[in-house]
Amino acid sequence: MRRYGRRAPYATEFIIGILLLGTSAVQGEALSGPAPVTQVVAIDKPNDSGGSVLIRWKRSADDGAGMMSVKGYEILRSVEREKGYEHLTVVPAGVEEYVDNTTVDGTSYFYIIGATDGVHRTDSDPVGPVMSSAQWFHQGRLNMLIATVLLSGLVLWFINRAKKGKKLYIRPIAGLQAVDEAVGRATEMGRPVLYVPGIQDMDNIQTIAGIVILGRVAERTAQYGTPLIVPTSRSLVMTAAQETVKEAYLNVGRPDAYNPDLIRYLTDDQFGYAAGVDGMMVREKPAAIFYMGAFYAESLILAETGHSTGAIQIAGTAMPAQLPFFVTACDYTLIGEELFAASAYLSKEPLLLGSLKGQDWGKAIFIAILLLGSILASFGHYFLSDWLTTGSL
Amino acid sequence: MRHQIPLIITFVAGITMIVQYFVPHEPFAALSQQFRIWFLIIATFAMILGVGNIIKIHVERISRARPGWGYSVILLAGLATTAISGIGWGIQPGTIFFYLFWNLLIPLGSTMFALLAFFITSAAYRAFRARTAEATLLLAAAIIVMLSRVPVGTYLWDRFPIVGNWIMDYPNTAGQRAIMIGIALGVVSASLRIILGIERTYMGAGK
Amino acid sequence: MSIFERLTRIDRRIIFCTVALAVIIPLLRPIGFPVSVSPSVKKLYDAIEALPPGSRVLMSFDYDPSTMPEVYPMNFSIAKHCFKRGLKVYGMALWATGVSLGQDALEKAAKQYDKAYGVDYINLGFKAGGIVVISAMAENVVETFPEDYAGRSVGQFPVMKGVRNFDDFDLIVDFSAGDPGVIQWIMIAYGRYGKKVGAGCTAVSAPAFYPYLNAGQLVGLLGGMKGAAEYEKLMDYMGTATAGMDAQSVVHALIVFYVLFGNAMYLVERRRSRRNRL
Amino acid sequence: MSTTLGVWIAAFLTLCILSFLYKDNPFYKFAEHLFVGTSAGYWAAYYYHNILKPNLYVPLFKEGKLLYIIPLALGIMMLMRLWPRIGWISRWPLAFIVGTYAGYNLITYLQTNALAQVKATLTPFTDVSRVILFVGVLTGLIYFFFSKEHRGIFGKAARVGIWFLMVAFGASFGYTVMARVSLIIGRMMFLLKDWLGVID
């Protein structure tokens with residue numbers, strides 16, 4: 001342990017202290033600050049893009065115990081062991097870790113942690129040299145890598161098998177079987193179909209799924225010659241919906257029937273959009289309404305108004321909080337995973353259906369982990385649960 | 001070629017985003033934030049298309065004097081006033097923009113939102129019928145949890161809050177978790193289909 | 001159509017009318033259903049009671065008009081409490097929409113105790129960035145908020161004298177309707193600077209914060225309109241939250257009544273139609 | 001700008017929207033169109049000030065960060081839709097966004113929705129409640145199987161899974177009622193207090 005004479009922030013107090021205590025009998029004790037920190041280590045911060053060093057220590061014996069005098073810890077850094085230490089920051093008492101993210105990769109640094117009571121500071125021995133660097137693989141994410149590779153592998157494997165012509169059983173989903181019926185009914189009644197792709201933008205996977213399903217629904221309305229109205233809450237979604245519907249009409253040989261003016265942007269505002277769509281429902285009187293995508297509180301405003309107009313309503317979302325409202329107010333609801341499976345169902349393409357089989361195997365694996373992990377946990381073994389721990393994104 | 005390039009872009013962008021999660025090293029480090037900003041910029045440009053779409057549809061409605069064209073005038077006037085005042089004179093408190101936000105948009109938005117109080121009642125009344133075992137469970141859980149949340153429930157039976165909390169913490173959590181895990185698998189599969197270009201209706205690449 | 005069948009299909013508008021009445025009547029004539037104060041609310045109340053007069057309280061208005069019925073009454077009651085105790089209040093917002101709501105609450109509460117803007121309280125306004133803003137003001141308040149909500153330099157107000165960084169605040173109360181909000185305040189203000197943080201939040205988000213309360217990372221928590229009503233009880237006045245809770249109770253009872261009534265009619269009708277078939 | 005005028009406007013618009021509960025009418029139509037128009041303008045101005053200025057204009061033209069030419073180019077490609085002959089190029093930025101977020105969401109959902117939720121469910125079977133939770137997650141997952149017929153034991157398990165889903169839906173529904181009622185209380189308070197002044 002060394003005591004460094006540099007006390008820049010408290011220089012005056014120090015001098016006054018010397019003057020006052022010069023005559024005191026208990027000089028030695030009064031001069032010594034709090035007990036120093038122990039077990040200081042400085043390492044390159046793992047799993048980062050470089051530029052930071054992690055310093056850890058065990059708190060001073062006077063921090064929260066002993067003399068209770070520690071107010072904080074001053075972090076000092078230098079490129080030489082013996083001199084040139086500069087003040088970085090002071091962290092509050094009780095803290096035992098600091099990340100210095102101002103380092104230059106490839107430079108060696110030394111650190112000192114000084115326990116301070118506001119007047120005196122007791123420094124640790126310098127630690128180092130330590131050098132920061134960037135890593136190519138995030139070790140804490142090995143579990144995610146395995147999960148990603150495994151689940152993607154399963155999906156790809158079954159897509160590949162489907163390519164080879166293996167027949168697949170796929171259970172019926174009522175909401176998807178009703179799609180044809182709903183479009184057919186709109187045609188018979190001579191009324192339009194309304195398609196609501198949620199209120200989120202194209203960065204949301206549910207919106208993307210909603211637009212993909214829109215393509216399948218548009219193929220049907222094109223065949224029947226039924227108008228398809230798509231109000232959107234985001235300009236990008238409008239663009240994507242226009243592209244999708246146009247292409248669907250082209251696919252079934254009805255490019256002439258495509259009317260881009262039916263795919264409208266209303267407003268980004270959640271309730272402004274709800275007000276606008278409600279207005280459309282009561283005035284255009286669609287015979288079938290689809291809600292496919294990410295929904296928030298507006299879900300029930302839309303679904304109740306839609307119900308009051310007597311339309312067949314089919315909803316699908318992966319927003320757990322909104323599912324209850326669609327379930328109560330709509331005729332059919334695709335729950336969570338079913339939304340993402342809908343396009344594969346409606347396409348009836350073997351490749352897409354193959355991916356569903358892959359998903360099922362994913363579920364089987366999770367069920368196995370649940371069973372095994374819980375049994376192990378009941379006997380006090382938690383390694384499986386520890387292994388599943390993931391850090392922040 | 002026109003059809004190929006978008007598929008290649010999708011593939012490269014998708015794989016890059018997956019890789020960046022595992023690689024802390026540059027150039028992957030801040031990529032997801034960088035791409036987020038790019039996305040927002042593209043979305044802002046798209047806003048021009050969106051607003052253009054509104055103007056086109058409503059100007060047409062007015063010029064052809066279609067039924068309800070007067071409402072289109074109101075819509076366009078509202079759009080012009082907020083957009084011009086906001087872009088021209090700023091959006092902080094004290095501006096015309098903020099006055100409109102406060103006295104027009106807020107009451108409109110809150111009232112639209114508040115319609116839910118009525119709709120949640122009519123939906124409950126209509127749908128909560130003990131027709132099947134499933135419907136009965138839905139109804140029972142809803143009523144218990146509802147009563148567990150208000151003073152009148154406690155007044156009727158002092159254990160309502162405990163039972164309500166138990167339903168929220170166990171059977172409810174179980175159901176939600178099953179849905180969430182299923183969703184994760186659905187997303188993995190749907191994302192892969194899109195990245196690999198198997199699902200391409202949205203891109204207009206056809207079958 | 002039998003009478004029972006007709007009764008199972010009441011016009012929606014009749015339902016809507018009764019809901020409206022169930023809200024309006026208790027608001028006009030509060031019933032005053034017994035409200036019991038929960039420990040988490042009492043803790044925040046006690047924390048404010050324990051502050052000596054002249055202490056500084058930082059309030060963050062992180063909510064919007066849609067969550068106003070739940071969060072505003074808390075904001076108002078706690079502001080009232082602070083002024084009553086002679087504390088200095090510093091408002092700010094991580095949500096742009098919170099600025100004027102918070103200002104309104106501060107102004108109305110200040111009026112009741114003859115407190116003056118700039119002397120007893122100030123509203124520093126909104127700054128975008130969430131967690132970044134909290135970290136920045138932890139180090140230097142005036143640099144982070146050089147101007148108040150109306151664009152006046154904060155230096156001219158006596159209330160800002162001696163305010164440098166987080167060390168100068170004795171309590172932080174966050175009024176939150178989502179992100180950025182309570183979590184960010186706990187992470188930075190409590191986690192890094194060891195400040196006392198209390199919170200008022202919407203009923204929907206409250207359960208997520210109980211773990212923080214139990215771990216001592218929050219000094220107290222008000223959840224939803226119920227939490228606000230409990231605070232009003234502690235402050236000994238019948239405010240909007242108390243009246244609101246009465247309306248809540250009546251509407252909930254009404255919905256339960258409708259569901260039971262609908263099922264009763266449904267069962268009767270089903271039994272009748274079965275008999276007819278025989 | 002008068003506060004009183006503001007309150008009257010706000011009260012009038014509140015009543016216009018509430019009138020929709022009776023039926024569609026000119027007042028609602030007026031409020032609806034005003035709402036859609038002003039809010040679209042609001043968001044346009046918001047994007048301009050909070051995204052375009054700080055995230056494109058400043059870094060590219062003020063700080064000279066040339067990397068920002070890429071999003072600018074992608075944004076301009078988007079606008080090419082205005083000219084039908086070169087409109088196809090708008091698919092590029094669209095493809096970029098879809099690809100990016102397909103990849104991003106794959107990872108995010110896997111982490112937060114799958115691994116984290118599975119982990120949270122791995123608890124020892126120490127009491128009945130935990131066993132119920134476990135059974136609920138397991139049977140709920142079984143309900144979502146697409147490629148296996150819901151028959152026999154598997155079918156029964158799936159049925160139990162649906163029961164859990166229904167309880168979950170009912171519970172969330174009941175849990176939300178309070179928040180929704182708060183909203184109408186808020187509006188009524190505005191009308192009765194700020195506008196009419198019949199309560200204080």
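This note goes through folds, backbone geometry and packing in a predicted model.

1. Conventions. The model is predicted: local features need pLDDT of at least 70, side-chain atom pairs count only at pLDDT 80 or more, and totals for chains, interfaces and linings use all residues. Residues are numbered from 1 along each chain as its sequence is written, while chains are lettered from A and ligands numbered from 1 in the order in which they are written.

2. Chain D, fold. Chain D has six helices and zero strands. Its pattern along the sequence is α-α-α-α-α-α. The radius of gyration of chain D is 27 Å, well over the 16 Å from the globule rule for 200 residues, so chain D is more spread out than a compact globule. That radius is taken over C-alpha atoms, and the rule is 2.2 Å times the number of residues to the power 0.38. Helices (H or I, at least four residues) and strands (E, at least two) are DSSP runs, numbered from the N terminus.

3. Chain D, extent and domains. The C-alpha trace of chain D spans about 65 × 60 × 35 Å along its principal axes. Three domains are assigned: domain 1 (1-64), domain 2 (71-122) and domain 3 (125-200). Their bounds come from an automatic or database domain assignment. The centres of domain 1 and domain 3 of chain D, taken over C-alpha atoms, are 33 Å apart.

4. Chain D, burial and contacts. Of the 200 residues of chain D, 52% count as buried. Buried means that 20 or more other C-beta atoms lie within 10 Å of the residue's own; exposed means 12 or fewer, partly exposed is in between, and C-beta atoms are placed from the backbone. Among contacts in chain D with a separation of 6 or more, 16% join residues 24 or more positions apart. A contact needs two C-beta atoms, placed from the backbone, within 7 Å.

5. Chain B, fold. Chain B contains seven helices and zero strands. Read along the sequence, the pattern of chain B is α-α-α-α-α-α-α. Chain B has a radius of gyration of 26 Å, well over the 17 Å that the globule rule gives for 207 residues, so chain B is more spread out than a compact globule. Its C-alpha atoms fill a box of roughly 65 × 50 × 40 Å along the principal axes.

6. Chain B, burial and contacts. Buried residues make up 57% of the 207 residues in chain B. For contacts with a separation of 6 or more in chain B, 22% are between residues 24 or more positions apart.

7. Cis peptides. B:Glu26 and B:Pro27 are joined by a cis peptide bond, with omega about 5 degrees. B:Pro27 sits in the loop between helix H1 (4-22) and helix H2 (31-63) of chain B. A cis peptide bond also joins C:Asp179 and C:Pro180, with omega about -10 degrees. C:Pro180 is in the loop between strand S4 (171-176) and helix H8 (182-190) of chain C.

8. Helix H8 of chain C. Buried residues here are C:Val182, C:Gln184, C:Trp185, C:Ile186, C:Ile188 and C:Ala189. They pack against strand S1 (56-62), helix H6 (131-139), S4, strand S5 (197-201) and helix H9 (206-214) of chain C.

9. Positive phi in chain A. A:Asn47 is not a glycine, yet has a positive phi of about 55 degrees. A:Asn47 lies in the loop between strand S1 (38-44) and strand S2 (53-58) of chain A. A:Asn47 counts as partly exposed because it has 15 C-beta neighbours inside 10 Å. A:Lys285, also not a glycine, has a positive phi of about 45 degrees. The loop holding A:Lys285 runs between helix H7 (270-284) and strand S12 (288-292) of chain A. With 14 C-beta neighbours inside 10 Å, A:Lys285 is partly exposed.
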